[in-house]
Amino acid sequence: MTNVTIRGLCKYFDRVKAVDNLDLEIKAGEFIVLLGPSGCGKTTLLRCISGLERVTAGRVFFDDHDMTYLSPKGRDISMVFQNYAVWPHMRVEKNIAFPLKVKKFPQQEIKKRVAWASDLLRIEELLDRYPAQLSGGQRQRVAVARAIVVEPRVLLMDEPLSNLDALLRVRMRSEVKKLQQKLTVTTIYVTHDQVEAMTMGDRIAVFNQGMLQQVGISDVIYHNPANTFVAGFIGSPQMNFIEVEIESINNELYLRTKNLTIPLNDKFKAKVSEHSGIRNYILGIRPEHIYLTGQSKTYPVTKGKVYFLELLRSDTIIHLETEFGFLVVKEPGDLKLEENREIEVSFDLNRIHLFYEDTGNSIMT
Amino acid sequence: MENLIALKTNRIPWALKIRGVLTILVAIFIGVWFLTPLVLITISAFASPRDYYQIEKVIPTHFTVEHFHALFFELEGWQAMLNSLKVVGLTILFSFTVGLPASYALSRYKFRGKSFLKLSMLASRMFPVMILAIPLLIIYMKIGLSDTIYGVALAHTIMVLPLIILVSASILASVSVDYEEAAMIFGLSRIHAFLKITLPLALPGLVASAILAFIISWNEVFIATILNLTNRTLPAHIFRSAMDSPDYFKFTAGFIMSIPAVIFIFFVRKHLVTMWGISLK
């Protein structure tokens, strides 16, 4: 088990900053997910860790060993590529045995390990085939088997499931996670799929524009997002953002905009009074934390016209047109609401997030 | 009524039928266009002189291999053919030793002046061979390369190198970088990754570009005639000797010229098909 430390890592392509001054500590045996939209630099970071890409500045350590300028072959790593990269001119068995052969393992050991890996991924019956004769999912298994067969110090995965069809992806998610738990190999997993990140990662590192936005367990990322980017990127449908002003009414602080007035939650009070000079904030609330009134009247209320309904049958997503813009509400189950009807909704006060308007950072950090 | 619809929908539209027939006609036309000379050359190459000169006999009935014997052994065609094969072999060897690293760089790296470099390679082909040949001969005479097969092979290398580089670059580019990078991740250096992974995957395409070099070098007459006097390649030899001979000799020479290319292409035609296709993916 190896821990990976990244210090002040920068990678520029000409003038484009793909990764910008990044510090990240990955614990031994951890499954960390690098999550972000396409072009955010997460794959570049992975390639810097692998040695396929030379860093512009900064350092990469495996335990206490400086790996920054080592070629990939000196790093004792494995990688699973997005498009599998299973060599088409070799049979499956040869593909899996290849890393062992390169590292000059004895013949017996190679046989044993190939058998072990192919058993683990249930591809024994495919060993004699060529990759062209395999389905995408099978090729993915071969790629994973090839990656684990050497028992690498660090296992890198670059969107390994994104080329699989939806059903298979769900199944492979749990399989990859279980496999990693069994092998306890330090794993760095790149994805743009938040569901993959939430379900698989011990910790999630959220990226945007080459910069680390937040690192933490999924619980923290979801419930205490560090800024509006993380808040908006995680969660589906997206969190609602409403520009609000702080207003004092009868010595009580309220968040106000147009026809919405929300009493300031206790947890925000200390922070907000500290910065009494700042008046403008962004209120964030997730669609599942807005309720149709009638169920409960204890929360602040606002009104809106039903603009559009997404009937997912398990849930209903309601797009409301309000005076301060669109509001998305998620309600469990099948709802029957006709468009253009005016309805009242209430916010879960304890689930409100507050961000500075200028920086987008959460006021809680 | 329902039957009527079934009847109608089962019918192939006229336009499609005509298009099918036209396609076949065009294919036949192209086939005839290219194969007729080959067939005529082959027939005439084996025709006995009497049949050949008999005007009313379109297809000769008496065949002989006498011309081949004469051309090969009495007119030293055998030696010329060996020379030709050596020149072709050396040309392919030289142009790939120099060209493959260049095409790898063009296919894998981005660098300043890349497209200019590609263009300037083609520019070297814009020089007429006639202008190059005489200075080349003088230089060769000074350094002792004139009248050797190495000299001709080098000159042919200059001719085919730009094409080899450009064609090979696009073939190497069609082999996904991921295969190579995967090999590097699993413990190979870049050179070994190229030799063990990329080269075998690109081989069919590279063989096809070798054919290109083969055909250019095999058919080249001008430089080969000027540079060499005694060690002539086959086309140069035929150009000098066979052209003064009776017509059926010319056909025999033509047949000999085309046979190696036909055999060569026959063996690699499977790879020619895959050159741009699926097998590299």
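The radius of gyration used here is taken over C-alpha atoms, and the globule rule it is compared with is 2.2 Å times the number of residues to the power 0.38. Everything shown comes from a predicted model.

**Figure 1. Chain B against the globule rule.** For 281 residues, a compact globule would have a radius of gyration near 19 Å, but chain B comes out at 25 Å. Along the principal axes, the C-alpha atoms of chain B fill a box of roughly 75 × 65 × 35 Å.

Figure 2. Among the contacts in chain B with a separation of 6 or more, 71% join residues 24 or more positions apart.

Figure 3. Of the 281 residues in chain B, 41% are buried. The accessible surface of this chain comes to about 16,600 Å², with 74% of that belonging to carbon and sulfur atoms. As for charge, chain B carries 22 positive and 13 negative side chains, and the centres of these two sets are 14 Å apart.

**Figure 4. Where chain A meets chain B.** Here 22 residues from chain A and 17 residues from chain B make up the contact. Between them, the two chains bury about 1,700 Å², 72% of it on carbon and sulfur atoms. On the chain A side, look for Lys73(A), Trp87(A) and His89(A): these residues lose the most area to chain B, together 29% of what that side buries.

Terms used. Residues numbered from 1 in each chain as written. Chains lettered and ligands numbered in written order. Predicted model: local features only at pLDDT ≥ 70, side-chain atom pairs only at ≥ 80, totals over all residues. Heavy atoms only, no water. Buried < 20%, exposed > 50% of the residue type's maximum accessible area, 1.4 Å probe, protein only. Contact = heavy atoms within 4.5 Å. Areas by Shrake-Rupley, 256 points an atom, 1.4 Å probe, with all protein chains shown as cover. Lys, Arg positive; Asp, Glu negative; His and termini not counted. Charge placed at Lys NZ, Arg CZ, Asp CG, Glu CD. Buried area = accessible area lost by both parts, 1.4 Å probe.
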